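Please open the structure in a viewer and keep the selection tool at hand.

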Amino acid sequence: MTATVSEGTHDTSQIPAPEGSITITVKILRFNPEQDTEPHWESYDVPALPTDRVLNLLFNIKNYVDGTLAFRRSCAHGICGSDAMQINGINRLACKVLVKDLLEKKGKHTTVTVAPIKGLPTMKDLYVDMEPFFEAYRAVKPYLIAYGNEPTRERIQSQADRERFDDTTKCILCAACTSSCPVYWSDGSYFGPAAIVNAHRFIFDSRDEGSEERLDILNDSEGVWRCRTTFNCTDACPRGIQVTKAIQEVKRALLFKRV
């Protein structure tokens, strides 16, 4: 869907303005499927402290101006991954982005744009349907697979073996990487970076016995070979995972049949 050029504005005088706050404009891409045929921008002049997070601004808009504003949030500490959205055109977690990092230089008025992540159907405002994302995640079997009898003791793993896949254990399933991928935008059937990252986490786990199954799944036409190495996914990851590197390691495992 393409946003309309018309822009609604709101009275935000009821939002408390703490001492030391400045006023910034928050432009939100709104969409209510019960009323709108396409998304449109609405603006809110919001008092904000430099230490506020974008999530705080959204809460103030929802609590004091428009209770119909829809967005996901949970822990608000960058761990649950619920509040991934486009902030100034970049996929980020709203709970991790500070106002001070968005302010214009030399005292110019600051406008912050907030929109839903791309590639997933928008259900309302900043709230997207995550089911296609989780369907791809489940398809790569993101769990330990072990055959034979249950062991009589703990499966021991060396520090070196653990370090082999340590980076990809950090994924919080926020979809910031997948929804930053141009291939995923154009073809939602692509597994996407997050699914491949979570497959990587078990493919290279020395205790796992399902690597061949996952590699066969990712060798599909919608698997790792669709990656065009644009590094968007790595740049978007709020956990600093080397996503593109992980995808390339899975490609090499397929080429040389060696984990």
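Begin with the whole chain selected. Of its contacts with a separation of 6 or more, 67% are between residues 24 or more positions apart; a contact means heavy atoms within 4.5 Å. This is a predicted model, in which local features need pLDDT of at least 70 and side-chain atom pairs count only at pLDDT 80 or more, while totals for chains, interfaces and linings use all residues. Residues are numbered from 1 along each chain as its sequence is written, and side-chain values use heavy atoms, with hydrogens and water left out.

Now switch to a cartoon display. The chain contains eight helices and eight strands; helices (H or I, at least four residues) and strands (E, at least two) are DSSP runs, numbered from the N terminus. Taken along the principal axes, the C-alpha atoms fill a box of roughly 65 × 40 × 35 Å. Of the 259 residues, 45% are buried. Buried stands for under 20% relative accessible area, exposed for over 50%, and partly exposed for what lies in between (1.4 Å probe, protein chains only).

**The two domains**

Next, colour residues 4-124 as domain 1 and residues 130-256 as domain 2; these bounds come from an automatic or database domain assignment. Over C-alpha atoms, the centres of domain 1 and domain 2 are separated by 31 Å. Where they meet, 14 residues of domain 1 are in contact with 14 residues of domain 2. About 1,200 Å² is buried between the two domains, and carbon and sulfur atoms give 63% of that area. Buried area is the accessible area (1.4 Å probe) that two parts lose on being put together, summed over both. On the domain 1 side, select N91, K118 and L120: these residues lose the most area to domain 2, together 41% of what that side buries.

Which residues are in contact with S180, leaving aside its neighbours within four places in sequence? They are N91, W185, N232, C233 and A236. S180 counts as buried because its relative accessible area is 8%.

**Helix α5**

Move on to residues 193-203, helix α5. Why is this helix largely enclosed by the rest of the structure? The reason is that 11 of the 11 residues of α5 are buried. Show the surrounding helices as well: the buried residues of α5 pack against α2 (131-139), α6 (211-218), α7 (232-236) and α8 (243-256).

Within α5, select I196. I196 counts as buried because its relative accessibility is 0%. Not counting residues up to four places away in sequence, I196 touches Y190, L218, V224, I247 and V250. For a distance exercise, pick Q86 too: I196 and Q86 are 110 residues apart in sequence and 22 Å apart in space, C-alpha to C-alpha.

**Two loop residues with positive phi**

Go to A76, in the loop between α1 (54-64) and β4 (84-87). Phi of A76 is near 65°, a positive value in a residue other than glycine. Is A76 buried or exposed? A76 is buried, with a relative accessible area of 17%.

The last stop is T229, in the loop between α6 and α7. T229 is not a glycine, yet its phi is positive, at about 55°. With a relative accessible area of 34%, T229 is partly exposed.
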